[in-house]
Amino acid sequence: MRVSDFLYDLPESSIAQRAIEPRHAARLLDTRDLSDHGFLDFPELLAPGDLVVVNESRVRAARLEGRRQGTGGRVELLILEHLGDGSWQALARPARRLRSGAVVELKLATATVIEALGKGLVTLTLDSDDPEALIASTGTMPLPPYFTGSLNDPGRYQTMFANLPGSAAAPTAGLHFTPEVMDRLRERGVGTARVDLHVSLDTFRPMTVEHVEDHVMHTELCSVPEETAKAIYDTRSGGGRVVAVGTTVVRALESLSDGRGGVRAGSRATALFLRPGSRITVPDLLVTNFHLPGSTLLVLLEAFMGPGWRKAYGVAVERRYRFLSFGDAMLAERAPS
């Protein structure tokens, strides 16, 4: 399978450059019949007894700017994850001369490179008694590189479920939800549950290999609470469907799948790469935004719904749906295994 199989023509005019208000004013393409909807109508596309699962990860203000000690050269660090031993993994730019021992002077602290891992990745330490507080107070929101607009409120890049800090990018399918949508889900008899997957590098890193199978996923932390595992079991027992809000939820659920349509509660690091041929057993439906050409997210989408995503994307471009992080959404059904 070639990465080129996951390319498509994305007109620049299709990339959303503003955050629509209210959030539920986004459009929703139901790929089951290619019908057009507003996101506020999402609950009506579900059935009583279904379960909507969202990602409650919160985006860190993870973009730190500084100067390299000794040369004064500007350095930008995107903090990706805490490695648990006092060190952090980050994406550095420029990274060419950031070797082991290099020091970057930040606001209120310094960062010291432990190891340069290649392709811009470094491990480092932050000279702070409370690195999370340092990041929160001195960092900026890591908006996607293809978004050239501006946000009046950085909180617009957080979902209404955002709770546990740790993501380097928003789980964008959740950006469409509002209290009005949640009220309609309850009135419809649709349940909700939460998982956590800290979104990291592969959400925005393109595949640079020729063959999809050669791409190595970046490790991300995910967890499924006991109450969510029980809710999924109860939903299955009652004949309902599990609806994943975003590719991150699919990865979290499948990373802790029991192989029989349920999940095991717990936490783990996952580098799961879902691609055509992968067995997906937990989510029956997927709500997701429209993704970049050649991305791992498109590979996951084909693993979930099959090659029909191409027709859906063609329709979406033709009908002027808005693509990528602040764009519109689609609803897809899992293909028979």
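Reply: A pocket is an open set of grid points with protein on both sides within 12 Å along at least five of seven lines, and its lining residues have an atom within 4 Å of a point. Rolling a probe the size of a water molecule over the atoms shows where empty space is left. Please keep in mind that this is a predicted model.

Me: Which residues line the second largest pocket?

Reply: The lining of the second largest pocket is formed by Lys119, Arg205, Pro206, Thr208, Val209, Asp214, His215 and Val216, and the space in this pocket comes to about 180 Å³. Sorted by class, its lining has three nonpolar, two polar and three charged residues.

Me: Which residues touch the most other members of the largest nonpolar core?

Reply: In a nonpolar core, buried residues are joined through side-chain atoms within 4.5 Å. The largest one here has 50 residues, and Tyr313 and Phe323 touch the most other members. Helix α5, residues 296-305, gives the most to this core, with seven residues. Phe323 has contacts that include Tyr8, Leu10, Phe290 and Tyr313, leaving aside residues up to four places away in sequence. A second, separate core has 22 residues, among them Ala62, Ala102, Ala111 and Leu124.

Me: Is Glu226 buried or exposed?

Reply: Exposed means over 50% relative accessible area, and because Glu226 has a relative accessible area of 58%, Glu226 is exposed. This residue is found in helix α3, residues 226-237, and its C-alpha atom is separated by 32 Å from that of Ser295, which is 69 residues apart from Glu226 along the chain.

How values were computed. Residues are numbered from 1 along each chain as its sequence is written. This is a predicted model: local features need pLDDT of at least 70, side-chain atom pairs count only at pLDDT 80 or more; totals for chains, interfaces and linings use all residues. Side-chain values use heavy atoms; hydrogens and water are left out. Buried means under 20% relative accessible area, exposed over 50%, partly exposed in between (1.4 Å probe, protein chains only). Helices (H or I, at least four residues) and strands (E, at least two) are DSSP runs, numbered from the N terminus. Contact means heavy atoms within 4.5 Å. On a 1 Å grid over the protein atoms alone, a cavity is a set of points where a 1.4 Å probe fits but cannot get out, and a pocket is an open set with protein on both sides within 12 Å along at least five of seven lines; lining residues have an atom within 4 Å of a point. Grid points are joined across faces, edges and corners, and a volume is the space filled by probe spheres set on the points. Ala, Val, Leu, Ile, Met, Phe, Trp, Tyr, Cys and Pro count as nonpolar, Asp, Glu, Lys and Arg as charged, and the others, Gly among them, as polar.
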